[in-house]
Amino acid sequence: MKITIIGCGVMGEAIARQISKTHELYLCDHKKDQRDRLAQELGGESCDLKDAAKDSEMMILATKPTGLDEVLSLIH
């Protein structure tokens, strides 16, 4: 399954580490270097928020509640 994780902080990274074993990952974070590092380490693909929903079958929002409105407005 193709899964996008939006937010590559502590929570997003922990989720990504577990599901990368069995799923194809798209990783999205406003910190490009952080998402690139994690994508390279886990064999996933780094992507921008606007591209996150294109090929994904599931999206996991791993953001702080204060950033949720901005994230939802960009992926809607």
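User: Which residue in β2 is the bridge partner of Ile 6?
Analyst: Cys 28 is the bridge partner of Ile 6. A word on sourcing: this is a predicted model, where local features need pLDDT of at least 70, side-chain atom pairs count only at pLDDT 80 or more, and totals for chains, interfaces and linings use all residues. Residues are numbered from 1 along each chain as its sequence is written, and side-chain values use heavy atoms, with hydrogens and water left out.

User: And what does Thr 4 pair with in β2?
Analyst: Tyr 26 is the bridge partner of Thr 4. Five bridges join β1 to β2, and the two run parallel. Strands here are DSSP runs (E, at least two residues), helices likewise (H or I, at least four), numbered from the N terminus.

User: What is the strand order in the sheet?
Analyst: β3-β2-β1-β4, four strands in an open sheet with parallel pairing. Two strands pair if DSSP finds at least two bridges between them.

User: Which strands stand at the edges?
Analyst: β3 (45–46) and β4 (58–61). Each has a single partner strand, so one side of each is left without a neighbour in the sheet.

User: How many bridges join β2 to β3?
Analyst: Two, and those strands run parallel as well. Leu 27 stands opposite Ser 46 in β3.

User: Where does α1 pack?
Analyst: On the sheet, touching β1, β2 and β4. The direction of α1 makes about 165° with that of β1. Axes are lines fitted to C-alpha atoms, for helices over the stretch in contact, and angles run from 0 to 180 degrees between N-to-C directions. Contact means heavy atoms within 4.5 Å.

User: What about α2, which strands does it lie across?
Analyst: β2 and β3, running at about 165° to β2.

User: How many residues of β1 are buried?
Analyst: Four of its five, so β1 is mostly covered, with buried meaning under 20% relative accessible area, exposed over 50% and partly exposed in between (1.4 Å probe, protein chains only). β2 is mostly covered too, with four of its five residues buried.

User: New topic. Is Val 10 buried or exposed?
Analyst: Exposed, at 78% relative accessibility. Val 10 sits in helix α1. Its C-alpha is 9.8 Å from that of Thr 63, 53 residues apart along the chain.

User: And Met 1, which residues does it contact?
Analyst: Leaving aside neighbours within four places in sequence, His 23, Glu 24, Glu 57 and Met 58. Met 1 and Met 58 are 57 residues apart in sequence and 7.9 Å apart in space, C-alpha to C-alpha. Met 1 lies in the segment before β1 (2–6). At 46% relative accessibility, Met 1 counts as partly exposed.
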